[in-house]
Amino acid sequence: MSSTPFERETLLLDTDENGISILTINRPEKLNALNGQVLSDLNDALHHIEESNDIRLLIITGSGEKAFVAGADIKELSTLDRQSGEETSSAGQNLFNRIETFPKPVIALVNGYALGGGAELAMACHIRTGTANAVFGLPEVSLGLIPGYGGTQRLPQLVGKGKAMEMILSGAQIKADEAKQLGLLNDIFDHSEAIEETKKLSGKILKNSPSAISSAISAVNAGYRTNGFAKEAVLFGQLCETDDFKEGTSAFLEKRKAKFTGN
Ligand code: COA
């Protein structure tokens, strides 16, 4: 099979002879945090993958052994105001909606921390597999924020409203076993076998009709459209102007505990 010529600073793309592509988010020194460059490169990658006749299924994972994606880049977040915050949230939502409605199957291989935007990226994928060190969480409230890339909409769909409220309001992290019990992870594999096992699952999908697969993705998604995305983006933007947001993001960057006042 011809190789797919796609190169970007923050991503690696590797396609095998069966048409299974592995897209690796490659910023391991920052635990693959999603800065503007990664999001823009991801958008380009989706365009390339959708157009490519060689690629039939996409697996998204993170570089290194510690993290899938540790969230949106908090250094970049810390500079947002109300308008740029709402725009950033909407742009992230659009990118992740594109993944959710992608015509080829997309599997997240969650190989470590999937926090904030990382959990939201994984939840936008059609299926999630994980390694034993996978950790999910939406810790945005600890930064004075809320999830802004669709997490407030997709987590309740996957785990139910009550558990989603608990996770979003507490910001607590859950480990792989609990994530599997909740339905966030379809399966957990040993680190050394995770790619092969995820490819085996991919093979079960790829023996079926590509047009039926695309239609199935579209039909399943049709039952899960919500009106909450716009509200999420507006509230995300509003919170970007609060003292608590400034305190929460500064505290993370200064490696100290945040002191919130409610202002
Ligand atoms: N944005 C920007 N930088 C991040 C990041 C993020 N979301 N997550 C991790 N990093 C950076 C750290 O600042 C650190 O950079 P440095 O070496 O220049 O100081 C590097 O990645 C390694 O992270 P570190 O915190 O030292 O690793 P750890 O093993 O002690 O902790 C986590 C791992 C995931 C628990 C911790 O990094 C964390 O809490 N990250 C933020 C999670 C979050 O709130 N995400 C939601 C954002 S909306």
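1. Lys30, Lys66, Ala72, Ile74 and Lys255 come nearest to the ligand, out of 18 residues around it. Here "around" means having a heavy atom within 4 Å of the molecule. This is a predicted model: local features need pLDDT of at least 70, side-chain atom pairs count only at pLDDT 80 or more, and totals for chains, interfaces and linings use all residues. Residues are numbered from 1 along each chain as its sequence is written, and side-chain values use heavy atoms, with hydrogens and water left out.

2. Look at the polar contacts (pairs of N or O atoms within 3.5 Å). An N or O atom in the side chain of Lys30 is 2.6 Å from an oxygen atom of the ligand. For the side chain of Lys66, the distance to a ligand oxygen atom is 2.7 Å. Ala70 uses its backbone: a polar atom there is 3.0 Å from a nitrogen atom of the ligand.

3. On its own, the ligand has 860 Å² of accessible area, and the protein covers 71% of this. The areas come from the Shrake-Rupley method with a 1.4 Å probe.

4. The shell around the ligand has eleven nonpolar, one polar and six charged residues. Ala, Val, Leu, Ile, Met, Phe, Trp, Tyr, Cys and Pro count as nonpolar; Asp, Glu, Lys and Arg as charged; the others, Gly among them, as polar. α2 and β6 each supply at least two residues of this shell. Helices (H or I, at least four residues) and strands (E, at least two) are DSSP runs, numbered from the N terminus.

5. Where is the ligand? It sits in the largest pocket, with more than half of its atoms within 2 Å of the pocket's grid points. A pocket is an open set of points on a 1 Å grid over the protein atoms alone, where a 1.4 Å probe fits, with protein on both sides within 12 Å along at least five of seven lines; lining residues have an atom within 4 Å of a point.

6. The largest pocket holds about 810 Å³ of space, the volume filled by probe spheres set on the points. Its lining has 35 residues, and Ala70, Ala72, Ile74, Leu143 and Phe252 lie nearest the centre. α11 gives the largest share, four residues. By class, the lining has 19 nonpolar, six polar and ten charged residues.

7. The second largest pocket has a volume of about 430 Å³. It is lined by 18 residues, with Cys125, His126, Ile127, Val220 and Asn221 closest to its centre. α9 gives the most, five residues. The lining divides into twelve nonpolar, three polar and three charged residues.

How values were computed
Polar contact = N/O pair within 3.5 Å; in protein donor to acceptor, adjacent residues only side chain to side chain.
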